[in-house]
Amino acid sequence: MIEVRNLSKSFNGRPVLQDVDLDIEDNKTLVILGPSGQGKTVLIKILAKLIEPDFGTVSYDGVDIIRLSKRQFKEIQKKMAFVFQANALFDFLDVQDNLSLFLNMHTMLSAQEIEEKVMESIRFVGLDSTVLSKFPEELSGGMGKRVAIARAMILRPEIIFYDEPTAGLDEGNVGKVVELISLLKTEVCATTVIVTHDVDLMFKVSDWVVLLKEGRVVFSGKKEQVTEAMLRDLYATGENNGVQK
Amino acid sequence: MWKQTIEKTGQRLVNFFEAIYEISQLFLSTLKSLTSIWFYRRQVIDQFYVFLVKTLPIAAVIAVFIGLGSMIQGTYQSSTLVPRTLTMNVIFKSIIFEVTPIVLSLVLAGKLGASLAAEIGSMKISEQLEALETLALDPTGFLVMPRVLAGVFMLPIITIFANFIAIFSVFFVSSVISDWISQPEFFDSLQTNLRIFEFYYGNFIKPAVFGLLISLVGSYFGLKTRGGALGVGKASTNAVVVSAILIVFFDYYLARVLL
């Protein structure tokens, strides 16, 4: 269970998040929806302790991670995975090394065991072994996203964060990514947090929805409770970057 | 007009000293991350290899011309009243203690410092540094500490290699293809008045300090990169300028303190 209370963050005096309260239940998929520039990415990065907030608490099973040092946070961090908007694959490593980096650094698995796990995760995302020797710049947008998801799943995390997982993908790849998110939830990692501006994605995968507007939570509830009027209001003032309404 | 100029200069000075302070902070956290050296051993070994492979060819080319240039300058400046062994001794010492370490370091500040800043900077803007953190890896331990160690340990090795080539090129020009000085006199001049500390100073102490500066400053500006490709370009330029200033400053300071 993740509890977020009174979270605020500003950059250069401009408030990006204001008094955000959230509860993320175990084994649920939370979708934080809003147009671009509303603080979604900042919020999800604070949840993963990649950005420090100005005020507020983020508690994982009662432990406030904001107060923890990076070193103290490491053990909790190993239970999380993050899929970045632009994938953030390490461009100096090929796909094989991108996937095996965590296992090489943090486990005592043999080279063969690591290779098996790499193969397992690459097959899980629908790719084959030919992709392993490629470098990130050689991958298409959809392939890159799937490798990023494979890197996340290889960690066997308890919580997985997705930052705009469908942004910049064509319809076919969006379908595959949505499928993977659902599959990953049932087979690998039950608790999922997604920030997106994609309304379709929200309806397809969410158990719980939070609407974020100008850094504030304007709605929190089930997707069935989200009305057209709410969405119209949400996107009325924000930048509508290719939102699929 | 004047007010603006003074304000701008003041701001630049503030920025410069702020950068120096933050570089010192990065140095301290790099020292702290040395406790994880075994954990990051693969990255350390990789960087040692990269530093050597990237720099040896350019070091060799520079060293040949350092030797030839110093030889011509030295013989041109010396009068006929000065014994040739003494002139050669001065050339030899100036190459080892000053010219090779500083020229090589300035060139490598341009090559390695800029590439370090660009490499880490592009990782920063594409969220790869944050991706490292999500894999429970410390960017200082994973990226900075191996590069700093490579700078500190590899630059002396590269400098010794460059000094050897520079001296050999002097020997080749002065004793092999010409008879400006005989071969026994040449080797005598190398050993005359040579103190072992001077050898360490020119080949180990100075290059190690310069290597530390190049890698630390390059990493710092990489980590501070903001914006897109423009930010990466700025980071590379700043890394070269600041490390060059620090190299010449420490060249003076080390000489003042140690000699």
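These notebook entries record what I looked up in a predicted model with chains A and B.

**Entry 1: the sheet of six strands in chain A**

I began with chain A, where I found 6 strands forming an open sheet in the order β6-β7-β8-β3-β9-β10, with mixed pairing. I then asked which strands stand at the edges of this sheet. They are β6 (80-83) and β10 (216-221) of chain A, and because each has a single partner strand, one side of each is left without a neighbour in the sheet. I also noted the twist, which averages 15° from one strand to the next.

At the β10 end I looked up the pairing itself, and strand β9 (residues 208-213) of chain A pairs with β10(A) in the antiparallel sense over 5 bridges. As one point to find by eye, I noted that A:Leu212 has A:Val217 in β10(A) as its bridge partner.

Next I asked which strands helix α1 of chain A lies across. Helix α1 (residues 40-47) lies across β3 (29-33), β7 (159-163), β8 (191-196) and β9 of chain A, and runs at about 155° to β8(A).

**Entry 2: the sheet of four strands in chain A**

I then turned to an open sheet of 4 strands in chain A, whose order is β2-β1-β4-β5 and whose pairing is antiparallel. The edges here are held by β2 (14-24) and β5 (63-64) of chain A, each of which has a single partner strand, so one side of each lacks a neighbour in the sheet. Inside the order, I looked at strand β1 (residues 2-11) and strand β4 (residues 55-60) of chain A, which run antiparallel and are joined by 5 bridges. The bridge partner that I noted for A:Val4 is A:Val58 in β4(A).

**Entry 3: chain B as a whole**

For chain B I counted up the secondary structure, which comes to 8 helices and 0 strands, and the elements accordingly read α-α-α-α-α-α-α-α from the N terminus on. The C-alpha trace of chain B spans about 65 × 55 × 30 Å along its principal axes. Of its 259 residues, 41% count as buried. I also looked at how far apart in sequence the contacting residues are, and among contacts in chain B between residues at least 6 apart in sequence, 88% join residues at least 24 apart.

**Entry 4: two helix pairs in chain B**

I took helix α2 (residues 41-77) and helix α5 (residues 139-176) of chain B to begin with, which pack at an angle of about 25° with their axes 6 Å apart. Angles under 35 degrees count as roughly parallel, and α2(B) and α5(B) are therefore roughly parallel to each other. The crossing of α2(B) past α5(B) is right-handed, and by class their contact has 27 nonpolar, 8 polar and 2 charged residues.

I then went to helix α7 (residues 196-223) and helix α8 (residues 229-258) of chain B, whose axes come within 9 Å and cross at roughly 150°. Are these helices roughly parallel or roughly antiparallel to each other? Angles over 145 degrees count as roughly antiparallel, and that is therefore how α7(B) and α8(B) are arranged. Here too I noted a right-handed crossing, of α7(B) past α8(B). The residues making the contact include B:Phe210, B:Leu213 and B:Val217 of α7(B) and B:Val242, B:Leu246 and B:Phe250 of α8(B). By class, this contact of α7(B) with α8(B) has 16 nonpolar, 4 polar and 1 charged residues.

**Entry 5: B:Ile23**

I followed one residue, B:Ile23, which has its place in helix α1 (residues 2-33) of chain B. Is B:Ile23 buried or exposed? It counts as buried, because it has 20 C-beta neighbours inside 10 Å, and 20 or more is what the class requires. Leaving aside neighbours within four places in sequence, I found B:Ile23 in contact with B:Leu216, B:Val217 and B:Tyr220. B:Ile23 and B:Phe221 are 198 residues apart in sequence, whereas from C-alpha to C-alpha they are 9.0 Å apart in space.

**Entry 6: where the chains meet**

Last, I looked between the chains, where 16 residues of chain A are in contact with 10 residues of chain B. On the side of chain A that touches chain B, the elements giving two or more residues are α2 (70-77), β6 and α3 (95-106) of chain A. The largest share, 4 residues, comes from α3(A). I recorded the classes on this side of chain A as 12 nonpolar, 2 polar and 2 charged.

Terms used:
Residues are numbered from 1 along each chain as its sequence is written. Chains are lettered from A and ligands numbered from 1 in the order in which they are written. This is a predicted model: local features need pLDDT of at least 70, side-chain atom pairs count only at pLDDT 80 or more; totals for chains, interfaces and linings use all residues. Two strands pair if DSSP finds at least two bridges between them. Axes are lines fitted to C-alpha atoms, for helices over the stretch in contact, and angles run from 0 to 180 degrees between N-to-C directions. Two residues are in contact if their C-beta atoms, placed from the backbone, lie within 7 Å. Angles under 35 degrees count as roughly parallel, over 145 as roughly antiparallel, 65 to 115 as roughly perpendicular and the rest as oblique. A crossing is left-handed if the near helix is turned anticlockwise from the far one by less than a right angle, and right-handed if clockwise. Ala, Val, Leu, Ile, Met, Phe, Trp, Tyr, Cys and Pro count as nonpolar, Asp, Glu, Lys and Arg as charged, and the others, Gly among them, as polar. A residue is buried if 20 or more other C-beta atoms lie within 10 Å of its own, exposed if 12 or fewer, and partly exposed in between; C-beta atoms are placed from the backbone.
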